[in-house]
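Welcome! Take a moment to look over the sequence and the model shown here, and then let us walk through them together.

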Amino acid sequence: MKHVSYLGYVITGTANNEKSTWRSHVIVTWYAGKFDLHDESSFTTEMEAEEHAVELGKHWVNNRLQSIRGAVLVAYSLLH
């Protein structure tokens, strides 16, 4: 299990062993919520799956922040 603090979010990456392969599982938490994500990619080692989980979590955070920024810009443009 890996815990990473990233841009105000905590990403927890774990790996589940299924039929001799490892699959990534990510939990992203922040002050207002939690997001749980399972990935279908498979890996030969637990460490690879955990590292992939953390990268997947970072990607999710980046997309979330980008969508929030876009929503703020749209709201701002409507007000001015």
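## A residue to begin with

F35 is partly exposed, with a relative accessible area of 30%. For burial, the cut-offs are these: buried means under 20% relative accessible area, exposed means over 50%, and partly exposed lies in between, using a 1.4 Å probe and protein chains only.

Before going further, keep in mind that this is a predicted model, where local features need pLDDT of at least 70, side-chain atom pairs count only at pLDDT 80 or more, and totals for chains, interfaces and linings use all residues. Residues are numbered from 1 along each chain as its sequence is written, and side-chain values use heavy atoms, with hydrogens and water left out.

## The overall plan

The protein chain has 1 helix and 4 strands, and from the N terminus on they run β-β-β-β-α. These elements are DSSP runs numbered from the N terminus: helices are H or I with at least four residues, and strands are E with at least two. Of the 80 residues of the protein chain, 29% count as buried.

## Strands side by side

Two strands pair if DSSP finds at least two bridges between them. Here are two such pairings.

| Strands | Direction | Bridges | Residues between the strands | Positive phi |
|---|---|---|---|---|
| Strand 1 and strand 2 | antiparallel | 5 bridges | 2 residues | L7, near 55° |
| Strand 2 and strand 3 | antiparallel | 9 bridges | 2 residues | K19, near 55° |

Which residue in strand 2 is the bridge partner of V4? The partner is I11. Further along, T12 stands opposite I27 in strand 3.

Strand 2 also holds T14. With a relative accessibility of 15%, T14 counts as buried. Leaving out residues up to four places away in sequence, T14 touches M1, R23, S24, H25, A49, E50 and A53. A contact here means heavy atoms within 4.5 Å.

## The nonpolar core

In soluble globular proteins, nonpolar side chains tend to be buried together. A nonpolar core is a set of buried Ala, Val, Leu, Ile, Met, Phe, Trp, Tyr and Cys residues joined through side-chain atoms within 4.5 Å. The largest one in this model has 10 residues: Y9, I11, V26, V28, W30, A53, L56, W60, V61 and L65. Strand 2 (9–18), strand 3 (21–30) and helix 1 (46–79) each supply at least two residues of this core. Helix 1 gives the most, with 5 residues.

Rings of Phe, Tyr and Trp (its six-membered ring) pair if their centres lie within 6.5 Å; planes under 30 degrees apart count as stacked, over 60 as edge-to-face and the rest as tilted. By this rule the count comes to 3 aromatic pairs. One of them joins Y9 and W30 in a tilted arrangement, 5.5 Å centre to centre with 45° between the planes. Y9 lies in strand 2 and W30 in strand 3, so the pair ties together parts that are 21 residues apart in sequence. Both Y9 and W30 are buried.

Now back to F35, which forms a stacked pair with W60: 4.6 Å centre to centre, with 15° between the planes. Because F35 lies in strand 4 (residues 33–43) and W60 in helix 1, this pair ties together parts that are 25 residues apart in sequence. Finally, Y9, W30, F35 and W60 form one aromatic cluster.
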